[in-house]
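Please take a moment to look over the sequence and the 3D structure below, and then follow the chain step by step with the text that comes after.

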Amino acid sequence: MPSQHIWMERSEDGRKREVRATKFGGVWRLQAKTAGELDWTYYEQPLLEDLLSLKEVLVRKYQRRRASAEDVASVERLIADQSDLDMPRQRMRPVRGGHNRKP
């Protein structure tokens, strides 16, 4: 049975945006539509802001026993994965000499 969560947001210019998150078969699918648009935008790679909002929605529902801990954990994994993709990777260079280095 699919699990669906819907919330509304306002953009900086004041336009309403409806976001729907559906979990089916263990996979989350997010879609959004701004007021005045006819078609939904389906995201292959959900926006980090939408994932953070979904986590807030799920945590509130979990506290009221309307969502599962598994759903919250799966969204937290998606956020971690997305954060890893968004952050530029820095190469670690070995430290030579350490704290025992003489001047």
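This is a predicted model: local features need pLDDT of at least 70, side-chain atom pairs count only at pLDDT 80 or more; totals for chains, interfaces and linings use all residues.

Strand β1, residues 3–10, and strand β2, residues 16–24, are paired in the antiparallel sense through 8 bridges.

Buried residues make up 26% of its 103 residues. The accessible surface of the protein comes to about 8600 Å², and carbon and sulfur atoms account for 50% of that surface.

Strand β3, residues 27–34, holds Gln31. Is Gln31 buried or exposed? Its relative accessibility is 11%, and because buried means under 20%, Gln31 counts as buried. When residues up to four places away in sequence are not counted, Gln31 touches Glu18, Val19, Arg20, Trp40, Thr41, Tyr42 and Tyr43.

The largest nonpolar core has 14 residues, of which Trp7, Ala21, Trp28, Leu54, Leu58 and Val75 touch the most other members. At least two residues of this core come from each of β2, β3, α1 (48–63) and α2 (69–86), and α1 gives the most, with 4 residues. Trp7, leaving aside neighbours within four places in sequence, is in contact with Arg17, Glu18, Val19, Ala21, Asp50, Ser53, Leu54 and Val57.

Helix α1 deserves a separate look. At 1.5 Å a residue, its 16 residues should span 22 Å, and the C-alpha atoms at its ends are 23 Å apart, which agrees. Which residues of α1 are buried? They are Asp50, Leu51, Ser53, Leu54, Val57 and Leu58, and because these residues cover an arc of only 160° around the axis, they lie on the same side of α1. The general rule behind such a pattern is that an α-helix has 3.6 residues a turn, so residues three or four places apart point the same way. On the other side of α1, Glu49 and Gln63 are exposed. After α1 comes Arg65, which has a positive phi, near 60°.

Methods:
Residues are numbered from 1 along each chain as its sequence is written. Side-chain values use heavy atoms; hydrogens and water are left out. Buried means under 20% relative accessible area, exposed over 50%, partly exposed in between (1.4 Å probe, protein chains only). Accessible areas come from the Shrake-Rupley method with a 1.4 Å probe; for residues, only the protein chains shown count as cover. Two strands pair if DSSP finds at least two bridges between them. Contact means heavy atoms within 4.5 Å. A nonpolar core is a set of buried Ala, Val, Leu, Ile, Met, Phe, Trp, Tyr and Cys residues joined through side-chain atoms within 4.5 Å. The expected span of a helix is 1.5 Å times one less than its number of residues. The arc is that of the directions from the helix axis to the C-beta atoms.
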